[in-house]
Amino acid sequence: MLNEAFTDDPEHPHPDFDAFHHAQRRCEGYHPDLWLLAELDSVPAGALIARDPVDRAWIAWFGVHPAHRRHGLGAQLLTTAFSLLRACGHRTVGVDVDTHNTGAMQAYTFVGMPLLGAADQGRRTYV
């Protein structure tokens, strides 16, 4: 589902699920109960993966299929994740987001996550 949510993002690596799942299981704070899938009419429409390390809660991956954006599905995924993380004992949740992705910024600010800081990143490809 995340690959489909990021079809319009040329920077998204689009890994196969087995490799992605293997890598995610190795991340600090991996918790399978924090993998959320939203469906509309039994069709996957959005997904969110949160992490639960001891010192902080984190939204690691979050995406909504382009056909289902701007209808509240993202807000539902985020607020569900916040509730689950609160039940785990966390009082705050963090996320890194591409501030140039205005849709993502709107989704996070809509649910009460203000921008606390911004940093630009660069990358150089060597051939």
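In which order do the 4 strands of the open sheet lie, and with what pairing? The legends below describe close-up views of a predicted model.

**View A. Strand order in the open sheet.** The 4 strands follow the order E1-E2-E3-E4, and their pairing is mixed. Strand E1 (35-40) and strand E4 (93-95) form the edges, each pairing on one side only. On average, neighbouring strands of this sheet are turned by 30 degrees against each other, direction ignored.

**View B. Pairing of strands E1 and E2.** Strands of a sheet pair through backbone hydrogen bonds, in either a parallel or an antiparallel manner. For E1 and strand E2 (residues 43-51), the sense is antiparallel, with 6 bridges. Leu 37 has Ala 47 in E2 as its bridge partner.

**View C. Helices lying across the sheet.** Helix H2 lies across E1, E2 and strand E3 (57-64), and runs at about 140 degrees to E1. Helix H3 (residues 73-87) lies across E1, E2, E3 and E4; its direction is at about 160 degrees to E3.

**View D. Buried residues of helix H2.** Within helix H2 (residues 17-25), the residues Phe 20, His 21 and Gln 24 are buried. These residues lie on the same side of H2 because they cover an arc of only 95 degrees around the axis.

**View E. Surroundings of His 21.** His 21 belongs to helix H2 and is buried there. Leaving aside residues up to four places away in sequence, His 21 touches Tyr 30 and Trp 35. The side chains of His 21 and Tyr 30 are also joined by a polar contact of 3.5 Å.

Notes: Residues numbered from 1 in each chain as written. Predicted model: local features only at pLDDT ≥ 70, side-chain atom pairs only at ≥ 80, totals over all residues. Heavy atoms only, no water. Buried < 20%, exposed > 50% of the residue type's maximum accessible area, 1.4 Å probe, protein only. Helix = DSSP H or I, 4+ residues; strand = E, 2+ residues; numbered from the N terminus. Arc of directions from axis to C-beta. Polar contact = N/O pair within 3.5 Å; in protein donor to acceptor, adjacent residues only side chain to side chain. Contact = heavy atoms within 4.5 Å. Pairing = 2+ DSSP bridges. Axes fitted to C-alpha atoms, helices over the stretch in contact; angles between N-to-C directions.
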